[in-house]
Amino acid sequence: TSSPMQIVSSNVVAIAAGAEHSLFLKRDGSLWAMGEDSYGQLGDGRTTDIVASPERIVASDVKAIACGSFHSLFIKSDGSLWGMGFNSDGQLGNGTTENEKLPVQIVSSNVVAVSGGDSHTLFLKSDGSLWGMGLNYSGQLGDGTFNATNQPEQIVSSDVTAVAVGTAHSLFVKSDGSLWAMGWNLDG
């Protein structure tokens, strides 16, 4: 549609968009999804081509959401990190490269922020440490290699306060206000 249209009338507190799917979080902590679902990125247990109307995926306790291109991530109120969808490069960090149609727990506690790229994921823990998993062909994980990993690995041990991820590059801010980057830099 070329004009704005209302999707939900009230109580939405956060939104996230992937390549062809969307997530939103309601005030009651419920997670909702819609759009492309061919890799299970909506977390509804199916791999349907398109889900045209919002459907509830998690009933409560979700506090933050993020999307990669074809994977989805959320943090629950207990600090656990969960993911679903495309996982061919290990971007879900659950130790496999199998796509997940239902949410799987990645980390059990202390996660405060998460960001998804095309095929990689970075997250921040409450101790200020930065962690990453997934594709790394441009060095977007910042671990000094170009090797992918399907399990979370620590990138920075402390003092990270914010994280953001692009298609094949990653950024983070440290507590002193400095900005750091790694990954694809062909266009500066």
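Biologist: Leaving aside neighbours within four places in sequence, which residues is Phe74 in contact with?

Modeller: This is a predicted model, where local features need pLDDT of at least 70, side-chain atom pairs count only at pLDDT 80 or more, and totals for chains, interfaces and linings use all residues. Residues are numbered from 1 along each chain as its sequence is written, and side-chain values use heavy atoms, with hydrogens and water left out. Contact means heavy atoms within 4.5 Å. With neighbours within four places set aside, the partners of Phe74 are Leu31, Val58, Val62, Ala64, Ile65, Ser80, Leu81, Trp82, Met84 and Pro103.

Biologist: Which residues touch the most other members of the largest nonpolar core?

Modeller: A nonpolar core is a set of buried Ala, Val, Leu, Ile, Met, Phe, Trp, Tyr and Cys residues joined through side-chain atoms within 4.5 Å. Buried means under 20% relative accessible area, exposed over 50%, and partly exposed in between (1.4 Å probe, protein chains only). The largest such core has 15 residues, and those touching the most other members are Leu23, Leu31, Ile57, Val58, Val62, Ile65 and Phe74.

Biologist: Which elements give two or more residues to this core?

Modeller: Helices (H or I, at least four residues) and strands (E, at least two) are DSSP runs, numbered from the N terminus. On that basis, the elements giving two or more residues to this core are β2 (21-26), β3 (31-36), β4 (50-58), β5 (62-67) and β7 (81-85).

Biologist: Is Leu23 buried or exposed?

Modeller: Leu23 lies in strand β2. Apart from residues up to four places away in sequence, Leu23 touches several others, including Ala14, Ile15, Leu31, Trp32, Ile65 and Leu73. Its relative accessible area is 2%, so Leu23 is buried.

Biologist: What is the relative accessibility of Leu122?

Modeller: Leu122 sits in strand β10 (residues 120-125). Not counting residues up to four places away in sequence, its contacts include Ala113, Leu130, Trp131, Val163 and Met182. Leu122 counts as buried because its relative accessibility is 0%.

Biologist: How far apart in space are Leu122 and Leu92, C-alpha to C-alpha?

Modeller: In sequence, Leu122 and Leu92 are 30 residues apart. Their C-alpha to C-alpha separation in space is 10.0 Å.

Biologist: Where is Asp159, which has a positive phi although it is not a glycine?

Modeller: The phi of Asp159 is about 70°. At 40% relative accessibility, Asp159 counts as partly exposed. Asp159 is in the loop between β12 (149-156) and β13 (160-165).

Biologist: What is the phi of Asn11?

Modeller: Asn11 is placed in the segment before β1 (12-17). At 39% relative accessibility, Asn11 counts as partly exposed. Although Asn11 is not a glycine, its phi is positive, at about 70°.

Biologist: How many helices and strands does the protein chain have, and what is its radius of gyration?

Modeller: The protein chain has 0 helices and 15 strands. The radius of gyration is taken over C-alpha atoms, and the globule rule is 2.2 Å times the number of residues to the power 0.38. For 188 residues the rule gives 16 Å, and the value for the chain is close to that, so the chain is as compact as a globular protein of that length, with a radius of gyration of 16 Å.

Biologist: What percentage of the residues in the protein chain is buried?

Modeller: Along its principal axes, the C-alpha trace spans about 45 × 35 × 30 Å. Of the 188 residues in the chain, the buried part is 46%.
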